[in-house]
Amino acid sequence: MHERTGSESSIEELEAAVLGILDLYFEARIREITQAPRKVGPAVAVYEEARRRLAEAEEELEVIRRRKQEIKTGTVDAAVEDSGASELGKQLSKLQEEVRGLTEAEKAAQGQKEAAKEALRQTELDFEGDLALSADEVAAIALSKVEEIDAFKARLDGRFAEGRASALGAAI
């Protein structure tokens, strides 16, 4: 292991610093790519917002449907249990009340889903070919950033090869 004298850093510290800088480098590249849709124009941002709203509505519907299924199972379980008629009536009344609430929530979520689908359709119509062009521009920006990363990696590989050759040369 390399001993520290004065201002010299250990190999481990230098490696950690290099890896930390690489993390910052990739964070910056990812930030550039995620900001690309805003640079290209409003079409992609509007479309992405509509897609997000549609996904949220679908997720909410799934949660509601799962809960309704749980209630159905709970209703059967309550009916099978050995509890008294009055207790069964109370349980069923509570379950019916929750089902009514869930049905209303399901209708609202379905409305949100339909509105999001319509917004997506309208966005595609409004921007016609612009949306496809904008998406192509975003993809091109991402591809150019990947190519820049590959070029940087090639420069790093060259530097590591030089360093390896120097280390071998020093050993001989």
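The points below go through a predicted model of a single chain, from its overall layout to a few individual residues.

1. Overall layout. The chain contains three helices and zero strands, and reading along the sequence gives the pattern α-α-α. Among the contacts in the chain that have a separation of 6 or more, 81% are between residues 24 or more positions apart, so a contact is counted here when heavy atoms come within 4.5 Å.

2. Surface and burial. The chain has 172 residues, and 19% of them count as buried, a label that stands for under 20% relative accessible area. The accessible surface of the chain comes to about 12,500 Å², and carbon and sulfur atoms account for 57% of that area.

3. The helix α1. This helix runs over residues 11-40, which makes 30 residues, and its first and last C-alpha atoms are 44 Å apart, close to the 44 Å expected at 1.5 Å a residue. A student following the helix by eye may still notice a bend of about 30° at T34, with a proline, P37, following within four residues. After α1 comes G41, whose phi is positive, near 150°.

4. Which residues of α1 are buried? They are Y25, R29, A36, P37 and V40. Two of these, Y25 and R29, return in the points on the aromatic rings and on K145.

5. The largest nonpolar core. Nine residues make up this core, namely A43, Y47, A50, L54, A116, A119, L120, F127 and L131. The elements that give two or more residues to it are α2, covering 42-80, and α3, covering 85-171, and α3 gives the most, with five residues. To look at one member in detail, L54 touches K113, A116, K117 and L120, when residues up to four places away in sequence are not counted. Apart from this core lies another one, of six residues, including I64, I71, L95 and L102.

6. Aromatic rings. The structure holds two aromatic pairs. In one of them, the rings of Y25 and F26 have centres 5.3 Å apart and planes at 75°, and therefore the pair is edge-to-face, since planes over 60 degrees apart receive that name. In the other, the rings of Y25 and F152 have centres 4.5 Å apart and planes at 35°, so this pair is tilted. Taken together, ring pairs link Y25, F26 and F152 into a cluster.

7. A buried lysine. K145 is found in helix α3, and its relative accessible area is 16%, so this residue is buried. Which residues is K145 in contact with, leaving aside its neighbours within four places in sequence? The contacts of K145 are with R29, E32 and I33, and of these R29 is one of the buried residues of α1.

How values were computed: Residues numbered from 1 in each chain as written. Predicted model: local features only at pLDDT ≥ 70, side-chain atom pairs only at ≥ 80, totals over all residues. Heavy atoms only, no water. Expected span 1.5 Å × (residues − 1). Bend = angle between axes of the 7 residues up to and from the residue. Buried < 20%, exposed > 50% of the residue type's maximum accessible area, 1.4 Å probe, protein only. Areas by Shrake-Rupley, 256 points an atom, 1.4 Å probe, with all protein chains shown as cover. Core = buried A, V, L, I, M, F, W, Y, C linked by side-chain atoms within 4.5 Å. Phe/Tyr/Trp six-rings, centres within 6.5 Å; stacked < 30°, edge-to-face > 60°.
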